[in-house]
Amino acid sequence: MLHMRTISKIYRTELVETHALRELDLHVREGEFVAVTGPSGSGKTTFLNIAGLLEEFTSGEYELDGESVRGLSDDARSRLRNRKIGFIFQSFNLISDLSLFDNVDVPLRYRGMKTAERRRRIGDALERVGLASRMGHYPSELSGGQQQRAAIARALAGSPKLLLADEPTGNLDSQMARGVLELLEELHASGATIVMVTHDPELAARAQRNIHIVDGQATDVEALPRPGHGGLAATPSRI
Amino acid sequence: MTIAPILRSLLARHKTAGSLVIVEIALTCAIVANAVFLIGERLQRIQTDSGVAERELSRVQLAGVGNQDDPHGQTREDLAALRAIPGVDSVTITNQVPFGSSSWNSSLHLDPDQSEPAAHAALYLGDADFLDTVGLRLVAGRDFRDGEFLDYHPEEGWQQMLEVDTVIITRALAERLFPGDSAVGEVLYFGEETPVRVVGVIEGLMRPTGDSADAPGHHSVLLPVRTPYTIGGSYVLRTAPSDRERVLGDATEALSRPGASRVVLEQETFEELRAEFFHADRAMGWLLLIVCGALLIVTALGIVGLASFWVQQRTRQIGVRRALGATRGQIARHFQVENLILTSAGIVLGMGLAYAINAWLMQRYELPRLSWIALPFGAVTLWALGQLSVLGPARRAAAIPPAVATRSV
Ligand SMILES: Nc1ncnc2c1ncn2[C@@H]1O[C@H](COP(=O)(O)OP(=O)(O)O)[C@@H](O)[C@H]1O
Ligand SMILES: [Mg+2]
């Protein structure tokens, strides 16, 4: 699903050159739930941004869903993002001017979907995260946990191949965090490929596999099956 | 189209700022529509057709000082002297000219017992060279014959000039007096007694002062009357356009012979006469144009300001939209559509307001009713202004990178 080979990312400013990623190799298979961990500043967000086509990389090879993304135009990258990727952000990033319905609608409209199809998908997605009754509400009228679930509904609505989450529980208290994580596990159980960045080892432990990024380089830490964490046991691997 | 969610977000979240811009656009639209209408009116006035060969005509106006003996003889000598100036094609004398400051008028009756006049018209008194010199075109009938001319002697009373048997009238007047008929051969009356026969119809000849409340601009009657220069009329000279200035100089010199007890009051080309005549209209047109321009600039700045503020305020939102798959074009279009909604609302409001302003102007300044043609002008101007103003902010919005969604907190 996601294959990165010797990906480097260098941020150049007038004074400094930051090597955010150094020849990073990273692979995620379809149906996997991968947690990416690492110290602050190690390059996790950079990796996620490149994976999600939000930023370009300096060198290397990146293949998403069997297609090389090197040299794609900005419009082509936008369309690819729109169709194949669902984003879940640390700070939810719901659009405060829009109701939940319209928020979930945003990526569907950019895809140019028909009204009836959009309605159905919005309803289904909000249903799935338990917010169907809140369609007309504005983000400010919801709790943090509800907002993040709405954001997940938005990420889901377009049936993307890949869900990317950057510290999805970072702004939530532990109870709400648990709710969101359970939702992600559910999505994974039903077949979604999820890459989640987190610095919380406890959350990471619930993923199928951990990838540790240090200083812009990835070390694969194959998670061992542990009792009490159903993620792996419940999901037949598709490798 | 993404109108619905943009409209909903405007209504839910940006009512105040949005309303302010809408009101600004409405006011501008209303004022621009009215100004365009008024400018159009002035332009139309400025382009009024006088009916004479303006580009080739000049006039010299004399005033006698003290008693003049034999003014008719003097006039004949003047005409001969003017005709002798090289470059002069022909010369005539008339009591008045288009765009001149004075106008001789009469009411016209179709039968002597009629108490209400059938029309009002300007009276042009001209000699045998008048028609050709000023460049009038006969569309029916004939020019005056030599025997039909009489000399006007003011000391015998002004009615003496009406003792003619024949007149030529303009087409506009003919259509008014004898609708559907050829006017040639018809009889009309000056005042209630003096009958005259129409022998010719000319295409047009503007009344000296143009349109007035009681008569349209081209209601004129030509009388076969030779006037002396002493009654305030003008010598009219026809020359090639390039000769006008020189000929005017020569003419002034020729007419200011020493010992003659008279002075040159005015000497100018008809183009100068026209420019002077419409000076106020032109000035008003420019003033309105400048006011409109200033207003449009202020409105454009208002739109640019609000759009820039919104782009800045929504930087993160724009990043998120890009992360969710919006192309740069879709982001730019978002702001363009938003602008279109605001300007359209402003224009709709502005149309109503335009009529309100017009009604008030009509009441206060006796202006005509706003023609609906001014409205699309106002609308298109503001739509264009809105789209032009939002272009910069929209492009800035489109340039916001998608990484903003994960990078800024
Ligand atoms: N736009 C940028 N310009 C310059 N340096 C950047 C930029 N974004 C990230 N960096 C640097 O790249 C490195 C990796 O950052 P990031 O991927 O955000 O780390 P993490 O998410 O693991 O905390 C850091 O040193 C950070 O300062
Ligand atoms: Mg980070």
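Trainee: What is the strand order in the open sheet of chain A?
Mentor: The order is 6-7-8-3-9-10, with mixed pairing across 6 strands. Strands are DSSP runs (E, at least two residues), helices are too (H or I, at least four), and both are numbered from the N terminus. Two strands pair if DSSP finds at least two bridges between them.
Trainee: Which strands are the edge strands?
Mentor: Strand 6 (85-88) and strand 10 (217-221) of chain A, since each pairs on one side only.
Trainee: Before we go on, where does the model come from?
Mentor: It is predicted: local features need pLDDT of at least 70, side-chain atom pairs count only at pLDDT 80 or more, and totals for chains, interfaces and linings use all residues. Residues are numbered from 1 along each chain, chains are lettered from A, and side-chain values use heavy atoms, without hydrogens and water.
Trainee: In what sense do strand 3 and strand 9 of chain A pair?
Mentor: Strand 3 (residues 33-37) and strand 9 (residues 209-214) of chain A pair in the parallel sense, over 4 bridges. In strand 9 of chain A, A:Ile211 is the bridge partner of A:Val36.
Trainee: New topic. Which residues of helix 1 of chain B are buried?
Mentor: In helix 1 (residues 3-13) of chain B, they are B:Pro5, B:Ile6, B:Ser9 and B:Leu10. Buried means under 20% relative accessible area (1.4 Å probe, protein chains only).
Trainee: Why are they on the same side of the helix?
Mentor: Because they cover an arc of only 140° around the axis of helix 1 of chain B. The arc is taken from the directions from the helix axis to the C-beta atoms.
Trainee: What covers them?
Mentor: The cover includes helix 3 (100-110) of chain A and, from chain B, helix 2 (15-46), helix 8 (279-313) and helix 10 (328-365).

Methods
Buried means under 20% relative accessible area, exposed over 50%, partly exposed in between (1.4 Å probe, protein chains only). Contact means heavy atoms within 4.5 Å.
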